[in-house]
Structure formats: structure tokens, C-alpha cells
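I opened this entry to keep track of what I looked up, in the order in which I looked.

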Amino acid sequence: MALTKQLVIDRGMAVLFTEHSMDVVFAYADRMIVLARGRLIAQGKPLEIRDHTEGAGGLFRQRQDLREESGGGGAMSSHELLLEAKALCAWYGAAQILYDVDLDVRRGEVVALMGRNGAGKSTTLKALIGMLAKRRGAVRFLGHDISKSEPHVAAPPRPWASCPRTAASSPTSA
Ligand SMILES: Nc1ncnc2c1ncn2[C@@H]1O[C@H](COP(=O)(O)OP(=O)(O)O)[C@@H](O)[C@H]1O
Ligand SMILES: [Mg+2]
């Protein structure tokens with residue numbers, strides 16, 4: 001994760017990752033997005049979310065968006081928008097899993113997608129890159145509408161082409 005963070009800083013990349021260890025999140029994430037039962041329930045700087053809630057239990061119950069209160073992700077809020085999802089919904093068969101999830105990731109930031117098991121973290125990542133048969137909502141990556149794209153065409157090759165071979169070849173393992 002330290003290497004990943006360094007790449008983000010040195011090369012102006014961005015990372016969206018899922019993680020269960022709060023220690024890792026507090027150490028490396030600039031911002032945290034929290035899901036519960038397929039809905040976004042909180043987002044903001046990790047330490048601010050921790051301080052505004054009563055520990056992990058409160059974190060996953062309480063709905064709040066600390067970005068407006070705290071001025072967004074600080075310096076990051078003015079950086080170029082790389083990935084944006086609006087009202088993202090997803091289904092497995094007839095079962096709706098995601099409900100109107102909004103998220104964005106800006107150049108230069110590391111964003112942790114958090115939530116308990118079954119909250120919808122993996123489904124969110126799959127919906128973003130087009131790995132689900134049924135999804136709805138807007139997804140834009142590097143300014144391109146990829147909401148209808150297959151996974152192999154969703155990501156233009158240029159951003160990953162600049163990654164060294166030693167870096168992880170996929171953005172995340174959910
Ligand atoms: N292939 C699937 N078919 C049906 N339901 C699924 C499938 N994968 C995940 N789910 C359900 O979707 C919900 C969200 O799962 P998931 O996105 O994997 O959560 P997380 O990654 O946060 O643990 C859970 O209720 C899970 O049981
Ligand atoms: Mg998962």
C-alpha cells in the first residue's frame with residue numbers, strides 16, 4: 001500500500017480500494033466512502049469520520065457526509081475528476097444490491113470503499129467497470145461515459161500504460 005500511495009503522489013494517479021483493516025485505511029486513505037446494505041451512508045476523511053462517530057459501530061450506522069462540512073478532501077477537492085458515478089444501481093437477477101450510490105475519485109487521492117461484509121463493496125467495483133449484467137446510473141472515467149461499456153473497453157489504455165510492471169496490474173482485488 002505504501003508503494004501504491006507513492007505512485008499516486010509521484011505519477012498523479014488515483015486509487016479506489018476496498019479494505020477491512022481500519023489501520024490500513026487510516027494510514028493510507030485520503031478519503032473514505034462507507035456503504036451499508038447497498039447505500040452510501042458516510043464519506044469524508046477517515047479520521048474525521050472516526051471522530052464524528054462512536055467507533056466502528058457508529059461508523060456503519062450513522063449517515064453523514066463530512067465532505068461539505070470539512071471542505072471536501074482538502075486540496076484534493078480541486079483536483080481533476082477521474083472517476084465519477086451518479087445514482088449507481090445494480091442487481092443480481094431480480095435482487096437489487098446497490099441503491100443510487102454516488103461517488104467520485106480525483107487525481108492524486110487514495111479512496112477507501114468501506115462497509116461490512118455484504119454491504120456492496122465488490123458489487124460497486126464490478127458495476128463501475130461493467131462486470132454486471134444489470135446496472136443503472138452514470139459512470140464517467142477520464143471524461144468518457146463508460147456506463148454502457150464492457151470491462152475491456154471501459155478503461156482507456158493510457159493511464160495503466162504508465163504503470164511500472166512491478167505495480168499491481170489491476171486497480172483492486174475486491
Ligand atoms: N453473484 C451473486 N449473486 C447473487 N447475490 C450476490 C452475488 N454476489 C454478491 N451478492 C450479494 O450482494 C450483496 C453485496 O455483496 P458484495 O458486493 O459482495 O458485498 P461486499 O463486497 O461488501 O462484502 C450481498 O447481499 C451478497 O450476498
Ligand atoms: Mg467483497
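Predicted model: local features only at pLDDT ≥ 70, side-chain atom pairs only at ≥ 80, totals over all residues.

Leu142 sits in the loop between S8 and S9, and I recorded it as partly exposed, with 14 other C-beta atoms within 10 Å.

Next I looked up the sheet. Which order do the strands of the open sheet follow? I read it as S6-S5-S8-S9, four strands with antiparallel pairing. Strand S6 (95-106) and strand S9 (144-145) stand at the edges with a single partner strand each, so one side of each has no neighbour in the sheet.

I went through the pairings of S5 in turn. Strand S5 (residues 81-92) and strand S8 (residues 134-141) run antiparallel and are joined by seven bridges; within this pairing, Ala85 has Val139 of S8 as its bridge partner. On the other pairing, eight bridges join S5 to S6, again antiparallel, and I found Leu81 opposite Arg106 in S6. The hairpin of S5 and S6 has two residues between the strands, and Gly93 there takes a positive phi near 60 degrees.

I looked up the largest nonpolar core, which has 36 residues; Met32, Ile33, Val111, Ala112 and Leu113 touch the most other members. The elements that give two or more residues to this core are strand S1 (15-18), strand S2 (31-36), strand S3 (39-44), S5, S6, strand S7 (110-114), H6 and S8. For Met32 I listed the contacts apart from neighbours within four places in sequence, and they are Val25, Gln43, Gly44, Pro46, Ile49, Ala112 and Met114. As background, I noted that nonpolar side chains tend to be buried together in soluble globular proteins.

Is helix H1 largely in the open or buried? Of the ten residues of H1 (residues 2-11), the number buried is zero, so I wrote this helix down as lying largely in the open. Gly12 follows H1, and its phi is positive, near 65 degrees.

I moved on to ligand 1, which eleven residues surround, the closest being Tyr92, Gly118, Lys121, Ser122 and Thr123. Helix H6 (residues 121-129) gives the most to this shell, with three residues. By type, I divided the residues of the shell into four nonpolar, six polar and one charged.

The mean pLDDT of the chain is 81, and 73% of its residues reach 70 or more. Over residues 70-75 the pLDDT stays under 50, and for this stretch the model has eleven contacts beyond four places in sequence. Residues 160-173 likewise stay under 50, with ten contacts beyond four places in sequence in the model.

Notes. Residues numbered from 1 in each chain as written. Chains lettered and ligands numbered in written order. Near = placed C-beta within 6 Å. Nonpolar A, V, L, I, M, F, W, Y, C, P; charged D, E, K, R; others polar. Pairing = 2+ DSSP bridges. Buried ≥ 20, exposed ≤ 12 C-beta atoms within 10 Å, placed from the backbone. pLDDT = per-residue confidence, 0-100. Contact = placed C-beta atoms within 7 Å. Core = buried A, V, L, I, M, F, W, Y, C linked by C-beta atoms within 7 Å.
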